[in-house]
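Reader: I would like to learn how to read contacts between chains. Please take me through an example.

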Amino acid sequence: MSELAVNLPGLQMKNPIMPASGCFGFGREYSDFYDLQQLGAVIMKAATGSNRYGNSTPRVAETASGMLNAIGLQNPGVEKIIETEVPFLANYSIPIIANVAGSTLEEYEMVAKAFNQTDSVHALELNISCPNVKEGGIQFGTNPEMAANVTRIVKKASNLPVYVKLSPNVSDIVSMAKAVEEAGADGLSMINTLSGMQIHLPSKKPILANQTGGLSGPAIKPVAIRMVYEVKKHVQIPIIGMGGISNVDDVIEFLLAGASAVAVGTANFQNPFICPELIEELPNALSKYGFLSVEDAIGKGHGA
Amino acid sequence: MSELAVNLPGLQMKNPIMPASGCFGFGREYSDFYDLQQLGAVIMKAATGSNRYGNSTPRVAETASGMLNAIGLQNPGVEKIIETEVPFLANYSIPIIANVAGSTLEEYEMVAKAFNQTDSVHALELNISCPNVKEGGIQFGTNPEMAANVTRIVKKASNLPVYVKLSPNVSDIVSMAKAVEEAGADGLSMINTLSGMQIHLPSKKPILANQTGGLSGPAIKPVAIRMVYEVKKHVQIPIIGMGGISNVDDVIEFLLAGASAVAVGTANFQNPFICPELIEELPNALSKYGFLSVEDAIGKGHGA
Amino acid sequence: MIRKENLLIVKSTEIARETTEMVLQNQHISRTAQPGQFLHIGIEGHTLRRPISIAKIDKKNETVTVLFKQLGEGTKALSNYQEGMQISALGPSGNGFPYDNLLNKTILLVGGGIGIPPLYCLGKELAAEGVTIKAVLGFQTADSVFYEAAFKELGETLITTNDGSYGHHGFVTDVIGKMGDYDCYYTCGPMAMLQAVTTKLEHQSGYVSLEERMGCGVGACFACVIPTETQGGYRKICKDGPVFAANEVKL
Amino acid sequence: MIRKENLLIVKSTEIARETTEMVLQNQHISRTAQPGQFLHIGIEGHTLRRPISIAKIDKKNETVTVLFKQLGEGTKALSNYQEGMQISALGPSGNGFPYDNLLNKTILLVGGGIGIPPLYCLGKELAAEGVTIKAVLGFQTADSVFYEAAFKELGETLITTNDGSYGHHGFVTDVIGKMGDYDCYYTCGPMAMLQAVTTKLEHQSGYVSLEERMGCGVGACFACVIPTETQGGYRKICKDGPVFAANEVKL
Ligand SMILES: Cc1cc2nc3c(=O)[nH]c(=O)nc-3n(C[C@H](O)[C@H](O)[C@H](O)COP(=O)(O)OP(=O)(O)OC[C@H]3O[C@@H](n4cnc5c(N)ncnc54)[C@H](O)[C@@H]3O)c2cc1C
Ligand SMILES: Cc1cc2nc3c(=O)[nH]c(=O)nc-3n(C[C@H](O)[C@H](O)[C@H](O)COP(=O)(O)OP(=O)(O)OC[C@H]3O[C@@H](n4cnc5c(N)ncnc54)[C@H](O)[C@@H]3O)c2cc1C
Ligand SMILES: Cc1cc2nc3c(=O)[nH]c(=O)nc-3n(C[C@H](O)[C@H](O)[C@H](O)COP(=O)(O)O)c2cc1C
Ligand SMILES: Cc1cc2nc3c(=O)[nH]c(=O)nc-3n(C[C@H](O)[C@H](O)[C@H](O)COP(=O)(O)O)c2cc1C
Ligand code: FES
Ligand code: FES
């Protein structure tokens, strides 16, 4: 096994770097910049039961070392995604992770089931945490019992490994993680965005049409690292870490905190080549800090 | 009344700008830079029942547009503060707010009571939210019943108005705010720091000796604005807003979100003159955005 | 084809109030850019890139020119970049103005403020191809006026200012009626102006260039959508636009 | 007295591996600085200021010189600042080295790496006042050595390198014994070195200059405390230090 390779449930990855859900569409646009074959894996934009337009615009705002977004889960619906988007990504021999969203338990179940149709999807990322959609996301993601419940239902509906994506907008991230682990999650994905707002002074209104949005980017990295670190101490399942990664040291920091692989979101907007650049720089960075491989670095921030 | 003046329970302020607790000591150091008389008010560093050394060093780290701190409530204890620090600040005719911390209900009660001895303190800021101290802070600040309980006890013990300082590390900030309002809080102060961590790559350990610390600075402003905005919709008591203020537009943004006054923390470290500079710039900024006074701007981000 | 490129700042000038004109050298972008396309410009210390339209294309000197208003922190910082520095941009981005079969025809350009630069780019290109150009340009006030002489070289040009301090007093829609006949119009500017113009010129064939806050600028994040009657209900301004047929999108 | 000042970068040179020497002009700071004091330097885009010791004071030209290692992002950015630019600093900060009644006496300076600059400042001042200077300076390796000639002008100087690529092979504590007698020592460098030096010279009177991560740099935030036996159990490095009597603090 190469020094960069990581094996997680359902995901045989030649390196631990993947684009984060919602920041990479379904890959087409970034395939104009580089060969997606280089990626460790790819996480698709959220899929819902049917076609969704999402929120009104403006949907993004800039903040200090970060950004807010309230896209509102715009997507063509799970059937269309399987029909038109998955085949494009399946041209590359990299693991594909489908991000599953919904406003009701039934919708989550239906979307998860739909992905059983295709052999090209390798794992689900269960988005219980999207803070933008009033009638769903937020509640599943902040209540341990509800999170466990949706995990159980999706696990039952799907024949794929399920990574539950945790929301940071909670008092106690460890109980969320433990609840979904007990409910059968194969892995965790963390963190989603922090709920935030910006007010436009000239118009005296929130900039985002949705008022609140999700804060991402380097600003939130300390929160993400803290949560990965704390959760790692209490769960056995692997963690895909994310939140503010913009350089290779950030990747190492997430590995040390306990992530087994990482996802890169906002940084794609600044630099479309960020993922292949991180992959290229990773071997040197690992050896600079005395690691033989990615596997060797995982969790090493927790002491001997 | 002048355009900058604000009257809050116990606090007759000539302007809405005050340094935040823990970022200004007891005022002596910054009095070498400017006349503290200019300030709207001053919030002292946290007081506990007895002398406290705090955490081991390193106690601070830098993050993207922010910093982490884990001072650990170092202070000489409430009696010594009343004896040696309050008289210094009492030389200025500005309202003094005492930040009250503790690890137990009894300690909170004792500290609050102690401040009844002096006439120079005008209000208490009840720090139920300091995320650095394992044996107390965090629990009071994330559970509505416990927060209400400590509020009730402190209200009973004290003859001063009580501003409860909320922690942002919660799933539902509105229920926290409503719980302490019902328990008798005279005002709210928000937000305290977000819990975060940074790992030092060469040593493979968290940088802070305490491992986790509180994230402050511009990075957290969107979270603070969102929380002030949401809470403002649901409570009647005034809010002292803070979190990442570093320029006069930030002050206006907090006013629009619903704060009646603001506190400035981390920005003092970058620019010791930040508070008097904001005070000087505020009149122009208010008129630029079409406001007659600070009072006129409060809550105006909520529409007509 | 969109690429991530470094561009050399050859010249940076304040040509009107809080308005910077920047000449940028880059082979790929100058060779492939079309009028109506934009650059997605990276600014040190800012998370998001800024979309700025291409105002001139000079294939000989391998430069493109952009004009931008110093609006917020990013454009203010950009206006302080010195000649000789490099900036990073994604580009050329989006789709330009469609302009087939316009030989011997007449077009009307209707621009407002900082929406004017891409129209100049189009007008210059088409004037060279034998199209007759007419233009109505609206500005806030006298000292924000730019490119008046440049447009007058292309064809008949009317200037309006909101406060009447220069040219006609009022909005562009107040004077469009004076421009006689034309085969097609192109407009870019503030949303209120676009709504007024497209409503007024409802029965004309025309194209609008739109603005929206962007995340990725390449079509991946769905930040910049605009609702449409057809095409699955929406289009992305960064990738499918910024130019649309006036009747295609819901303003 | 500490003030917030702008300093003009008169000169910036890389004088050893990843080590920048910067000459900064400012009247207030050059006039009032004492050896052992530091500047709390603001760096664009960074929340926290960086504490950097004063290495030379030139009252005539109204400059102070600082030397810093390009360690992390902040110091790397600072090393790219061009001559002619201004930087913001709080200073002069902290308390300098105490040095009363040293006339005709001998002092030993023990410095490690980037802890050496404040000792040079002290040595230069005291040499001019007739104090005999001896110095032991430890570096990582040959190409990180700086200020050797400058120290040799002040007095007897031994250089050590960890890898033996220059001077004596080993640590400063390996060669301190060779320095004969002295009345007092001053030391600054990595914590491990300070511990070794103060232990070895336990029975000598001496002063250590300490480093700690800082928030405010003025004594307000309690980030930079060091435990003491007396004085309420702690002192603040930024305000009460960075210099302490060797027996005052617990290293
Ligand atoms: C396709 C397109 C072409 C454009 N062409 C030009 C041009 O040629 N000249 C010019 O001056 N301006 C142009 N704009 C508008 C320009 O992008 C904004 O003025 C600029 O992004 C504001 O950035 P700032 O740093 O000054 O403002 P800030 O308020 O600091 O910006 C914060 C965030 O909001 C975004 N934003 C703010 N206002 C706008 C806006 N009006 N449109 C889109 N995003 C905005 C910024 O890009 C940034 O992400 C164009 C916009 C688009 C979408
Ligand atoms: C009183 C004092 C005097 C100093 N004098 C010098 C000097 O003359 N020359 C020199 O090269 N260095 C000196 N240092 C150390 C210098 O402050 C750090 O090397 C520098 O702050 C590192 O910043 P960075 O941006 O390179 O590193 P980063 O890792 O990017 O810094 C992140 C944060 O950690 C802090 N930090 C990191 N390392 C240290 C450290 N060793 N000490 C204190 N804070 C640190 C930074 O100030 C910043 O707040 C001194 C430190 C102190 C306390
Ligand atoms: C524009 C945008 C859209 C996003 N959409 C989704 C989404 O559809 N599903 C999801 O689980 N997370 C979504 N996220 C969250 C990211 O996947 C990621 O968890 C978060 O942004 C933190 O990573 P970053 O700081 O690297 O961006 C989105 C983030 C952004 C910025
Ligand atoms: C170094 C430091 C020490 C702090 N100490 C306290 C404290 O003792 N009590 C308290 O209630 N808040 C404390 N805080 C939190 C601040 O008062 C403030 O709520 C927070 O930093 C957000 O504001 P800012 O972003 O402007 O710094 C501290 C913050 C910092 C950075
Ligand atoms: S800005 Fe991302 S899709 Fe247009
Ligand atoms: S750095 Fe704030 S007290 Fe020393």
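**Chains and their contacts**

Author: Contact means heavy atoms within 4.5 Å. Chain A and chain D do not touch, and their nearest C-alpha atoms are 10 Å apart. Chain C and chain D have no contact either, with their closest C-alpha atoms 7 Å apart. This is a predicted model, in which local features need pLDDT of at least 70, side-chain atom pairs count only at pLDDT 80 or more, and totals for chains, interfaces and linings use all residues. Residues are numbered from 1 along each chain as its sequence is written, chains are lettered from A and ligands numbered from 1 in the order in which they are written, and side-chain values use heavy atoms, leaving out hydrogens and water.

Reader: Which chains share the most contacts?

Author: Chains A and B do, of the 3 pairs of chains in contact.

Reader: What area is buried between chain A and chain C?

Author: Buried area is the accessible area (1.4 Å probe) that two parts lose on being put together, summed over both. Between chain A and chain C it is about 2400 Å², with 59% from carbon and sulfur atoms. On the chain A side, A:Glu62, A:Phe269 and A:Gln270 lose the most area to chain C, together 25% of what that side buries.

Reader: How many salt bridges are there between chain A and chain C?

Author: A salt bridge is a side-chain nitrogen of Lys or Arg within 4 Å of a carboxyl oxygen of Asp or Glu. The count between chain A and chain C is 3. A:Glu29 and C:Lys236 form a salt bridge through their side chains, at 3.6 Å from N to O.
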